[in-house]
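Reader: I would like to go through the geometry of this structure with you, one question at a time. Could you give the cut-offs along with each term as we reach it?

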Amino acid sequence: MTRPLEGVHILDLSIALTGPYAATLLADQGADVIKVERPGIGDIGRWVGVSVNGMSALYVMCNRGKRSIAIDIKALAVRADVVLQNYRPGVMDRLGFGYEAVRELNPEVIYVSLTGFGSEGPYRDRSAYDTVIQAYAGLAMNQADPADGVPVFLRQTAADKITALYAAQSITAALFARVMGKGGQHLELAMMDAVASFLWADAAGNEVLLESDHSQNSSFVAGFRPMRFSDGWGIVTPTSVADFTGMCKALGVEGWDDPRLATIEDRNKNRDVSAALVDLCYARAADMTMAEATSRFEAQRVPFAMVLSADDLTRDPHAIAVGLFEERDHHVVGRIRFPRHPTQFRGTPVRATDASPALGEHTDEILTELGMHDRIADLRDSGVVA
């Protein structure tokens, strides 16, 4: 079976995480992604974080399935379905490779511009990395400790990854629109837009409902805290009446049948009563092992999970049973492990794509496809390609 995006050509000019990760997800789905990198240093993401033999884990994860060419660009744009870049507004225009210039070469192109603050407004020229947008768009304050209000940054590049997911979805929507006769177009996606959209779905209640009484936190999961067991940590999420009742029964706490807690609305009205029972549940949990609690929660069909590290997850029996992780030999960094592509396409199966490329690894191959085989030596000697 073919993968859903086979036959789609993507020219990836982006660096670091946001653009590269979006393109890798599309490569998993079958797109032919050519990553263009600057001769010499390449993508800055190659050098960030844990690395082996000069290639970082970040680069491995965000550039799987691509072909790399180190070149000063242009012929590649003519056949590209998608051109993806994440430089500040105006940079690509000054280089002669902005949307209008590319559209002249390829009128049907989907040209994607990823920025921090967008192409308009007083902040358009600001540099933006992940923590900058976590601060600006609300993630850091959303994670603040209620006790002291000190903002907390997520210990991952969440803003980058959120933007990458929005970008991948937008690209497929634009490709579908083109198939429907709408032509090519310019997509502009700012990280601030992506994070605000993501955050406001569930964590800005008082800012959405302008007539709320502010009696509740804007984020309805703000009060959640991990549940301590004698040998580790977990979480129970008692949303429905059955969930709340099941948690109490599993932990041997009486009072779940109090008429003041009969419905979700009742629990909201009588938060002091429900909070007291939750505190008792946490106290009882502290005397149980994770295994005992797991057995009890499963018997009551309570929504729960034990807190696992990334390393723990690779050994979890469910993760192993479903094949959550794949292992392969990488020609630069050696043995690697990574999660499978998250969506299981039953009609057009996808797979986690081949190894992320060394800098300029596919230069000769791609130039040959472009009919430039006899010019490779001259181009390399002149520094146009590496």
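Author: Strand β9 and strand β10 (residues 232-236) pair in the antiparallel sense over three bridges, where strands are DSSP runs of E with at least two residues and helices are runs of H or I with at least four, numbered from the N terminus, and two strands pair if DSSP finds at least two bridges between them. This is a predicted model, in which local features need pLDDT of at least 70 and side-chain atom pairs count only at pLDDT 80 or more, while totals for chains, interfaces and linings use all residues. Residues are numbered from 1 along each chain as its sequence is written, and side-chain values use heavy atoms, with hydrogens and water left out.

Reader: Which residue in β10 stands opposite Phe 229?

Author: A hairpin joins β9 to β10 through two residues. In the pairing, the residue opposite Phe 229 is Gly 232.

Reader: Which strands stand at the edges, with a single partner strand each?

Author: The open sheet is formed by three strands in the order β9-β10-β11, with antiparallel pairing. One side of each edge strand is left without a neighbour in the sheet, because each has a single partner, and these strands are β9 (227-229) and β11 (304-306).

Reader: What is the average twist from one strand to the next?

Author: β10 and β11 also pair in the antiparallel sense, over three bridges, and Val 236 stands opposite Phe 304 in β11. With axes taken as lines fitted to C-alpha atoms, for helices over the stretch in contact, and angles running from 0 to 180 degrees between N-to-C directions, the twist averages 30°.

Reader: What angle does the direction of helix α14 make with that of β11?

Author: Helix α14 (residues 290-300) packs on the sheet and touches β9, β10 and β11, contact meaning heavy atoms within 4.5 Å. Its direction makes with that of β11 an angle of about 165°.

Reader: How many aromatic pairs does a search of the whole structure find?

Author: Rings of Phe, Tyr and Trp (its six-membered ring) pair if their centres lie within 6.5 Å, and planes under 30 degrees apart count as stacked, over 60 as edge-to-face and the rest as tilted. The number found by a search of the whole structure is six.
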